Amino acid sequence: MTASLFRGGTLRDVIEDLRKAGKTIVLLRSDSAQSEALPGFNWPAETALVAGVEGPGIPQDAAGLSVHIPIQPDVESLNAAAALAIALYELRRSSYLRRT
């Protein structure tokens with residue numbers, strides 16, 4: 001597994017570049033309405049995990065598979081950096097489990 005950090009340009013530009021590179025886009029969302037829960041998510045082999053910024057997150061019309069981290073109902077959301085760390089851990093853990 002390798003990791004790269006992409007910054008700059010618009011989110012749509014970055015997603016398009018990642019698609020052209022053969023990656024399957026997985027969007028890390030804060031809401032569960034249009035996404036699958038992170039535990040048990042079946043990560044594609046060539047995944048590009050895309051996270052938004054604090055507050056607005058990822059636009060609703062951004063295209064890709066979507067995952068979220070289940071949290072208690074009285075918690076509004078997780079810090080973007082903490083959520084990304086959890087998602088990267090799950091991605092790495094699942095790729096390790098696939099190999100064993």
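Q: First up, what percentage of the 100 residues in the protein chain do buried residues make up?
A: Buried residues account for 28% of the 100 residues in the protein chain. Keep in mind that this is a predicted model.

Q: How many helices and strands are there?
A: The protein chain has two helices and four strands. Along the sequence, the pattern reads α-β-β-β-β-α.

Q: What is the order of the strands in the sheet?
A: The order is 2-4-1-3. The sheet is open, and the pairing is parallel.

Q: Which strands stand at the edges?
A: Strand 2 (36-37) and strand 3 (47-51) do. Each has a single partner strand, so one side of each is left without a neighbour in the sheet.

Q: How do strands pair in general, through backbone or side chains?
A: Strands of a sheet pair through backbone hydrogen bonds.

Q: Switching to charges. How many salt bridges does the structure hold?
A: The structure holds two. In one of them, glutamate 46 pairs with lysine 23, with the closest N and O atoms 2.8 Å apart.

Q: Where do glutamate 46 and lysine 23 sit in the chain?
A: Glutamate 46 is in the loop between strand 2 and strand 3. Lysine 23 is in the loop between helix 1 (11-20) and strand 1. They are 23 residues apart, and the pair links distant parts of the chain.

Q: What are the relative accessible areas of glutamate 46 and lysine 23?
A: Glutamate 46 has 42%, which makes it partly exposed. Lysine 23 has 28% and is partly exposed.

Q: Which side chains meet in the salt bridge with arginine 93?
A: Glutamate 90 meets arginine 93, at 2.8 Å from N to O. Both lie in helix 2, three residues apart, about one turn of the helix.

Q: Is glutamate 90 buried or exposed?
A: Glutamate 90 counts as buried, because its relative accessibility is 15% and the cut-off for buried is under 20%. Arginine 93, at 33%, counts as partly exposed.

Q: Now aromatics. How many aromatic pairs are there?
A: The count is one aromatic pair. Phenylalanine 41 and tryptophan 43 form it, edge-to-face, with 4.9 Å centre to centre and 90 degrees between the planes.

Q: Why does tryptophan 43 count as buried?
A: Because its relative accessibility is 4%. Phenylalanine 41 counts as buried at 9%.

Q: Last topic, the surface. Which residues form a nonpolar patch?
A: Ile71, Val75, Leu78 and Ile86. Together they have about 260 Å² of accessible area.

Q: Where is valine 75?
A: Valine 75 is in the loop between strand 4 (65-68) and helix 2 (80-99). At 36% relative accessibility, valine 75 counts as partly exposed.

How values were computed:
Residues are numbered from 1 along each chain as its sequence is written. This is a predicted model: local features need pLDDT of at least 70, side-chain atom pairs count only at pLDDT 80 or more; totals for chains, interfaces and linings use all residues. Side-chain values use heavy atoms; hydrogens and water are left out. Patches are made of residues with over 30% relative accessible area and no salt bridge: like charges are joined within 9 Å, nonpolar side chains (Val, Leu, Ile, Met, Phe, Trp, Tyr) within 5 Å. Accessible areas come from the Shrake-Rupley method with a 1.4 Å probe; for residues, only the protein chains shown count as cover. A salt bridge is a side-chain nitrogen of Lys or Arg within 4 Å of a carboxyl oxygen of Asp or Glu. Buried means under 20% relative accessible area, exposed over 50%, partly exposed in between (1.4 Å probe, protein chains only). Rings of Phe, Tyr and Trp (its six-membered ring) pair if their centres lie within 6.5 Å; planes under 30 degrees apart count as stacked, over 60 as edge-to-face and the rest as tilted. Two strands pair if DSSP finds at least two bridges between them.
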